[in-house]
Amino acid sequence: MATAKPMQLGMIGLGRMGANLVRRLMRDGHHCVVYDVNAAAIAELEAEGAVGATSLADLVAKLDKPRSVWLMLPAAIVQSTLDELAGLLAPHDVVIDGGNSYYRDDIDRARQLAAKKIDYVDCGTSGGVWGLERGYCLMIGGEQKVVDRLDPIFKTIAPGVGDVEPTPGRTRKGGTAPEGYLRCGPNGAGHFVKMVHNGVEYAMMAGIAEGLSIIKGADVGKLDHIVDAETAPLRDPEAYQYEIDVAEVAEVWRRGSVVGSWLVDLVASALARSPQLDDFAGHVSDSGEGRWTVIAAIDESVPAPVITASLYERFESRGLGEFTGKVLSAMRSEFGGHAEKKARKKPGGHQ
């Protein structure tokens with residue numbers, strides 16, 4: 001059923017999430033004007049009913065006042081885009097940043113636009129490639145009256161109540177949180193909540209990955225090992241004689257387990273396609289939110305060892321701890337009074 005309050009929205013940035021946000025909005029009866037530096041992305045959405053724009057100025061010209069413009073861009077180019085856009089917009093227009101900007105930047109950007117009487121909303125958006133069908137969880141920051149004005153947009157993008165059971169014992173009536181979107185507070189609050197959300201995601205992903213890796217190594221007692229004074233021996237090889245199918249473990253965890261989650265769904269899907277994960281490099285990026293979460297934890301004096309460790313684990317996955325390892329190796333060599341030898345594994349064995 002189409003929205004009872006169709007709105008017009010300009011979307012800048014048509015990557016996977018930006019394009020799917022547009023599709024979800026149009027399916028519900030909203031009208032979208034779209035722009036991206038990639039002309040093919042514009043053409044694809046034009047074929048589906050969007051109005052294409054050739055530039056930021058063209059996008060603004062094709063929107064009715066008061067305009068609503070959504071930025072779905074990498075954090076690194078939001079400010080330059082906003083600077084250009086600010087010169088094209090008029091008082092009472094609103095800019096929504098739906099990417100993963102740093103919440104402190106939102107505070108500055110809201111102040112920058114307020115000087116021109118342009119409204120600003122930050123909207124942390126979670127849902128990934130599955131959001132088109134499932135909807136996107138939205139964490140919103142901005143003035144209440146501005147957020148209220150955009151409510152039809154947020155309501156369409158969010159998942160809605162769906163078939164999720166109400167939280168037992170929840171006494172609060174009304175509000176939008178059960179529908180999958182929430183005004184968290186003034187400018188910056190939305191991205192603050194999304195920042196911490198992604199820090200938690202880092203930790204959950206690390207826990208799942210480490211657990212499955214331990215299961216994969218449960219056959220270590222069957223393997224040959226280096227025997228020398230420098231290598232800790234496996235104390236009880238007979239306790240590690242299991243050849244467990246990791247892909248099947250991920251599958252069974254999806255069904256009724258307390259760790260069952262969308263993240264487990266994703267890893268189960270990956271293991272089904274690539275049982276040894278040979279299709280994946282093992283290098284994991286971090287786009288900033290985990291770092292910012294750790295900084296906030298330090299500023300607030302909140303212990304966050306799990307999130308912090310998961311961030312460092314991502315650094316390690318990219319080889320950024322290589323020099324640390326060399327320093328450790330150098331100290332160990334000097335301590336032992338001999339040159340450290342490169343460890344060699346026997347064929348099919350572990351160190």
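**Contacts, sheet and salt bridges**

Colleague: Leaving aside its neighbours within four places in sequence, which residues is S274 in contact with?
Modeller: S274 is in contact with D279 and F280; contact here means heavy atoms within 4.5 Å.

Colleague: Before we go on, what sort of model is this?
Modeller: It is a predicted model, where local features need pLDDT of at least 70 and side-chain atom pairs count only at pLDDT 80 or more, while totals for chains, interfaces and linings use all residues. Residues are numbered from 1 along each chain as its sequence is written, and side-chain values use heavy atoms, leaving out hydrogens and water.

Colleague: Back to S274, then. Buried or exposed?
Modeller: S274 is buried, at 5% relative accessible area. Buried means under 20%, exposed over 50%, and partly exposed in between, using a 1.4 Å probe and protein chains only. S274 sits in the loop between α11 (262-273) and α12 (289-300). Helices (H or I, at least four residues) and strands (E, at least two) are DSSP runs, numbered from the N terminus.

Colleague: How many strands form the sheet, and in what order?
Modeller: Eight, in an open sheet with mixed pairing: β3-β2-β1-β4-β5-β6-β7-β8. Strands pair if DSSP finds at least two bridges between them.

Colleague: Which strands stand at the edges?
Modeller: β3 (51-52) and β8 (181-185) do; each has a single partner strand, so one side of each is left without a neighbour in the sheet. β3 runs parallel to β2 (residues 31-35), joined by two bridges, and V33 has V51 in β3 as its bridge partner.

Colleague: Changing topic: which residues does I118 touch, not counting those up to four places away in sequence?
Modeller: A86, L89, A90, H92, D93, V95 and L113. I118 lies in the loop between α5 and β6 and counts as buried at 3% relative accessibility.

Colleague: What is the phi of H92?
Modeller: Phi of H92 is near 80 degrees, positive although the residue is not glycine. Most residues other than glycine have a negative phi, and most peptide bonds are trans. H92 is exposed, at 53% relative accessibility. K117 also has a positive phi, near 60 degrees, and is exposed at 58%.

Colleague: And which residues does a cis peptide bond join?
Modeller: K65 and P66, with omega about -10 degrees. P66 is in the loop between α3 (56-61) and β4 (68-71).

Colleague: How many salt bridges does the count come to?
Modeller: 17, where a salt bridge is a side-chain nitrogen of Lys or Arg within 4 Å of a carboxyl oxygen of Asp or Glu.

Colleague: Which residue does E44 form a salt bridge with?
Modeller: R23, with the closest N and O atoms 3.0 Å apart. E44 is in helix α2 (residues 39-46) and R23 in helix α1 (residues 16-27), so the pair ties together parts 21 residues apart in sequence. R23 counts as buried at 15%, whereas E44 is partly exposed at 46%. R23 also forms a salt bridge with E48, at 2.9 Å between the closest N and O atoms.

Colleague: What about D299: which side chain does it meet in a salt bridge?
Modeller: That of R104, at 2.9 Å from N to O. This pair links distant parts of the chain, with D299 in helix α12 and R104 in helix α5, 195 residues apart. Elsewhere, salt bridges that share partners join E251, R254, R255 and D265 into one network.
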